[in-house]
Amino acid sequence: MLEKVLAGVCDTYDVKKIKEFIEKCLNEINFKVTKSKILLKPNLLSSKTPEKAVTTHPIFVQAISEIFLDLSCSVSIGDSPGYESTEKVLMQSGIMSIVKSHNLKIRSFDRRIIKYIKGISPYSKFTLGEDPDDYDFIINIPKLKSHSMMGLTLGVKNMFGFIPSFEKAKWHLKAGKDRMLFASVLIDIYNVVKPSLTILDGISGMDGDGPSNGRVNNFGIMLTCKSSFELDYVIEKLIGPSGPMPISDMALKHNLIKKYSARCVYPFSNDIDICKKCFVDFKFPKTINTDWRLPVFIKSTLRKIFIKRPKINKNRCKNCQICLNVCPVKAISNSGITPNINYKKCISCYCCQEMCPESAITIL
Ligand code: SF4
Ligand code: SF4
């Protein structure tokens, strides 16, 4: 079934405006809940303050929490950040004050729940940090960001947070350099979790070499849809021509996206072209026109020339060794003051660049 993608333009984190938009959307898509058990899944990638646009904005979370609390729901919130505790990221992101003032329950996604699915990837067993079946509705609240490995991180990719922190590296290791395979894994995880609704925070977001160390860009947009596949696809169309987008390409191949279909519901009536203007200066990651067009089996000498590689900036590095721990193929070793990258082992997943807290890793 084709799900409606509803968009709204909003240039500030104004709780009243955000609630007005979301309530209009819930009405339009006939999303009715009352006295339900709700789990909010924002993007809590790492402990950054709201103005860095790495995590879902606290006012966005506040607006959504208040809507469901007003409907007499019990509201929990959780994610598994890259390498820190959920509590630490909630604190730094500014969401903890909403958790406390609104009496939300924190879920750390540190359980080991095994789920089986016969999906589109070659894998059928997934270990999740929280059981989606414990809730009546999962509300997916991604942040609109670019992503050096996958192009963009939106609704489907946000469900990767259900994989407990260092388990994430195992999936990167299994997929290796094959982005389409990794996309199929992400799609299977999304379908295991099955969020009921996605509400995207694109009021401020990130472009360039995201999802942690790109450029903050105030897009001024929010989107809602029951299906993240449709929502992500609409964002890609609004941004305009790019390189391949592995998640949507895979979703299209498997008929998970029906067609491009979007309506603007806030504050204009049905003028989706207004939303295109939010992305006029959007910058894709440097990797988009190089890594993705190269077949996986390309000879290593050619890879050295074309593939963008992570490089550590010695002046910025604090030798915290987080990159050593997140690298799925153990290509980074400790060699004194600054770690060393073994490019023969590197699979260009850019997890190190994503997780470096000092922005000391760039892609060259
Ligand atoms: S994560 Fe960043 S700061 Fe920490 S050791 Fe690696 S490069 Fe240095
Ligand atoms: S060095 Fe960085 S980009 Fe290369 S495999 Fe390790 S984490 Fe991925």
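Q: How is a pair of packed helices described?
A: Two packed helices are described by the angle between their axes and the distance between the axes. In this predicted model, take helix 8 (residues 228-239) and helix 9 (residues 246-253). Their axes come within 10 Å and cross at roughly 125°.

Q: Is the crossing of helix 8 and helix 9 left-handed or right-handed?
A: Helix 8 passes helix 9 in a left-handed crossing.

Q: Which residues in helix 8 and helix 9 meet?
A: Helix 8 brings Phe229, Asp232, Tyr233 and Glu236. Helix 9 meets them with Ile247, Ser248 and Ala251. Sorted by class, this contact has four nonpolar residues, one polar and two charged.

Q: At what angle do helix 1 and helix 2 pack?
A: Helix 1 (residues 15-28) packs on helix 2 (residues 58-70) at about 50°. The axes of helix 1 and helix 2 are 9 Å apart. The angle makes helix 1 oblique to helix 2. Their crossing is right-handed.

Q: Which residues of helix 1 and helix 2 make the contact?
A: From helix 1 come Val15, Ile18, Lys19, Ile22 and Glu23. Helix 2 supplies Ile59, Phe60, Gln62, Ala63, Ile64, Glu66 and Ile67. By class, the contact of helix 1 with helix 2 has eight nonpolar, one polar and three charged residues.

Q: Now the ligands. Which residues come nearest to ligand 1?
A: Look for Cys317, Cys320, Cys323, Cys356 and Glu358. They come nearest of the 13 residues around ligand 1. The shell around ligand 1 holds nine nonpolar, two polar and two charged residues.

Q: Which residues come nearest to ligand 2?
A: Ligand 2 has 13 residues around it, and Cys327, Cys346, Cys349, Cys351 and Cys352 come nearest. Its shell has 12 nonpolar residues, one polar and no charged ones.

Q: Step back to the chain. How many helices and strands has it?
A: Count 13 helices and 17 strands.

How values were computed: Residues are numbered from 1 along each chain as its sequence is written. Chains are lettered from A and ligands numbered from 1 in the order in which they are written. This is a predicted model: local features need pLDDT of at least 70, side-chain atom pairs count only at pLDDT 80 or more; totals for chains, interfaces and linings use all residues. Axes are lines fitted to C-alpha atoms, for helices over the stretch in contact, and angles run from 0 to 180 degrees between N-to-C directions. Helices (H or I, at least four residues) and strands (E, at least two) are DSSP runs, numbered from the N terminus. A crossing is left-handed if the near helix is turned anticlockwise from the far one by less than a right angle, and right-handed if clockwise. Two residues are in contact if their C-beta atoms, placed from the backbone, lie within 7 Å. Ala, Val, Leu, Ile, Met, Phe, Trp, Tyr, Cys and Pro count as nonpolar, Asp, Glu, Lys and Arg as charged, and the others, Gly among them, as polar. A residue is near a molecule or strand if its C-beta atom, placed from the backbone, lies within 6 Å of it. Angles under 35 degrees count as roughly parallel, over 145 as roughly antiparallel, 65 to 115 as roughly perpendicular and the rest as oblique.
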